[in-house]
Amino acid sequence: MKPRCLVVALGLAGGLLAADARAAPDAASLARGEQIYARCAACHAIEGNRTGPQHCGLFGRRAGTAPGYSAYSKAMRESQWVWDEKSLHVFLKDPMTALPGTSMGYAGVKDAAERSDLIAWLKVASHLGEACKPAP
Ligand code: HEC
């Protein structure tokens, strides 16, 4: 391997390690995320629909499709969004601007670090890869 290739390879490996560190949130940010979710709990739960749709199985799910939740706005049903870190950052920063017509009457989580902690916690708590049980 030429020295230049080695530098590139090391740089790539370093980048991957850094990405891994970001993908695995530390316990402190998960704890902060859980606290921030208290703001959502007025309307949401992980398991079970309330004023807002249940958050179990959120990651990778199409917006507006939580089982048994029938109060979605037209805007949400037709958004074509799929929930992941990126779309959650956009929506949760300012829901009513990001998705005009949404019925989520909430001003949003403006602080980017708070949003990151919240989304990291939500990713774990919503049971990655596991869908909601059908609503009773
Ligand atoms: C005042 C009640 C209320 C609060 C507070 C609230 N939400 Fe919502 N949320 C809703 C409603 C209602 C909807 C359905 C919106 C629609 O259909 O346009 C919704 C939808 C969502 C969705 C889309 C889910 C899906 O199944 O497509 C996500 C994600 C979400 N909320 C996350 C949050 C998070 C995270 C918080 C806290 C930072 C929060 N919400 C705070 C009422 C609320």
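## Overall architecture

Helices (DSSP runs of H or I, at least four residues) and strands (DSSP runs of E, at least two residues) are numbered from the N terminus. By this definition, the elements of the protein run α-α-α-α-α-α from the N terminus on, with six helices and zero strands.

This is a predicted model, in which local features need pLDDT of at least 70 and side-chain atom pairs count only at pLDDT 80 or more, while totals for chains, interfaces and linings use all residues. Residues are numbered from 1 along each chain as its sequence is written, and side-chain values use heavy atoms, with hydrogens and water left out.

Of the 136 residues in the protein, 33% are buried, where buried means under 20% relative accessible area, exposed means over 50%, and partly exposed lies in between (1.4 Å probe, protein chains only).

## The iron site

The iron atom of the ligand has two protein donors, H44 (NE2) and M104 (SD), which lie 2.0 to 2.2 Å from it. Donors are N, O and S atoms within 2.8 Å of the metal (3.2 Å for Na, K and Ca), and sites may look incomplete because water is not among the atoms. H44 belongs to the loop between α2 and α3 (74-77), and M104 to the loop between α5 (95-98) and α6, so that the pair, 60 residues apart, links distant parts of the chain.

H44 is buried, with a relative accessible area of 10%, whereas M104 is partly exposed at 21%.

## The packing of α2 and α6

Helix α2 (residues 27-37) packs against helix α6 (residues 112-125) at an angle of about 95°, and their axes are 7 Å apart. Axes are lines fitted to C-alpha atoms, for helices over the stretch in contact, and angles run from 0 to 180 degrees between N-to-C directions. The two helices, α2 and α6, are therefore roughly perpendicular to each other, a description that covers angles of 65 to 115 degrees.

The contact (heavy atoms within 4.5 Å) involves residues including L30 and I36 of α2 and L118 and W121 of α6.

## The surroundings of A63

A63 is found in the loop between α2 and α3, and its relative accessibility of 1% makes A63 buried. Leaving aside neighbours within four places in sequence, A63 is in contact with M76, S79, W81 and W83. The C-alpha atoms of A63 and W81 are separated by 5.3 Å, although these residues are 18 residues apart along the chain.

How values were computed:
Parallel < 35°, antiparallel > 145°, perpendicular 65-115°, else oblique.
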